[in-house]
Amino acid sequence: MLTTFAAAKKYIFRRIKYLLRNPTPPTSPTPFAGPVVVLGSAPASHKPIGLDATYRIISVNASQLALQSWGVDAPDITLMGYNEIEGTNKSAVETRRVLTGKRTGSLYVLAWRHGRERLEAGLEAFGYRCTEVHIIDRYQRIALVHKVSGHLNLELDAETKCSNGIVAVLFALYNGSKAVIISGINPHSIGHVYNSANLERKHVRTDSETLARLVRRGYPIYTADPQVAEDVGLPLWQGNGQDG
């Protein structure tokens, strides 16, 4: 009973705060005119067919490691969870190790609460460089999911939140991408390309449901990974002629 009451109280508080704040979803420095590749950290990822300078690349956490084999020096945008900056769990430590000395274009840090100065010091500590850094708070993320998917997800617990990879997909769609090609994002996979811990993924059900909802709403979402096409039912990207 107490648990149910606490959950209801949390829901009411978040919904009222969301309505009062009326947040705006995060925006890209420039709208996406062509295809956008969203690169996640699932152990298996594939370079999209036709990838060239007209594509924009969004990496998630330390997933840009895979870009080395694609002949790409750095992503255009990186979305990173707040815990990756200072966290002590294995995934966070490995993220910082992999990204040491690397760079990105625009960096968006999700749910960071300690101020810009501490964030910049944290990035400096492992030598991760970017042209600009943005902080996305919880309510901006909720607004992004709501605006694009039509579903109000108040993130009441870890299991019901979208993963950062799906947030990146929503970000690309909100900012005008004609086609979003996901690579290295499989809700059913285990483990990450940048470590050997074989950690199980949270958000499996929410991610799958969100992708299905986006497809039903007619958004141009594809995958570069044959296994994801089979497991999740997304169309396999065949080249730039598919967009639009």
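## A walk from a loop to the core

Let's start at Ala111, which sits in the loop between S4 and H4. Helices (H or I, at least four residues) and strands (E, at least two) are DSSP runs, numbered from the N terminus. Before going further, please note that this is a predicted model, in which local features need pLDDT of at least 70 and side-chain atom pairs count only at pLDDT 80 or more, while totals for chains, interfaces and linings use all residues. Residues are numbered from 1 along each chain as its sequence is written, and side-chain values use heavy atoms, with hydrogens and water left out.

Ala111 has a phi near 60°, a positive value in a residue other than glycine. Most residues other than glycine have a negative phi. Ala111 is also buried, with a relative accessible area of 13%; here buried means under 20% relative accessible area, exposed over 50%, and partly exposed in between (1.4 Å probe, protein chains only).

S4, helix H4 (residues 116–125) and S5 make a right-handed β-α-β unit. Right-handed means that, with the strands pointing away from the viewer, the path from the first strand over the helix to the second runs clockwise. S4 and strand S5 (residues 132–136) run parallel and are joined by five bridges; two strands pair if DSSP finds at least two bridges between them. Within this pairing, Leu110 has Ile136 of S5 as its bridge partner.

Now step back to the whole protein, which has eight helices and seven strands. Its C-alpha trace spans about 55 × 45 × 35 Å along the principal axes. Of the 244 residues, 50% count as buried. The accessible surface comes to about 11,700 Å², with 52% belonging to carbon and sulfur atoms; these areas come from the Shrake-Rupley method with a 1.4 Å probe, and for residues only the protein chains shown count as cover. Among contacts (heavy atoms within 4.5 Å) between residues at least 6 apart in sequence, 70% join residues at least 24 apart.

Next, the interior. In soluble globular proteins, nonpolar side chains tend to be buried together. A nonpolar core is a set of buried Ala, Val, Leu, Ile, Met, Phe, Trp, Tyr and Cys residues joined through side-chain atoms within 4.5 Å. The largest such core here has 30 residues, of which Val38, Ile58, Val169 and Ile182 touch the most other members. Two or more residues each come from strands S1 (35–39), S2 (56–60), S3 (77–81), S4 (106–110) and S6 (179–183), and from helices H5 (138–149), H6 and H7 (204–216). H6 gives the largest share, eight residues.

H6 (residues 164–174) is mostly covered, with ten of its eleven residues buried; among them are Ile166, Val169 and Phe171. After H6 comes Gly176, whose phi is positive, near 95°.

S1 and S2 run parallel, joined by four bridges, and Leu39 stands opposite Ser59 in S2. S2 in turn pairs with S3 in the parallel sense over three bridges, with Ile58 opposite Ile77 in S3. Four of the five residues of S2 are buried, so S2 is largely enclosed by the rest of the structure.

Two more residues round out the tour. Ser183 is found in strand S6 and is buried, with a relative accessible area of 0%. Beyond its neighbours within four places in sequence, Ser183 is in contact with residues including Val38, His46, Trp70 and Asp225. Its C-alpha atom is separated by 9.8 Å from that of Gly165, 18 residues apart along the chain.

Glu155, in the loop between H5 and H6, has a positive phi of about 55° although it is not a glycine. Glu155 is buried, with a relative accessible area of 5%. Setting aside neighbours within four places in sequence, Glu155 is in contact with Arg14, Arg138, Arg141, Ile142, Thr160 and Lys161.
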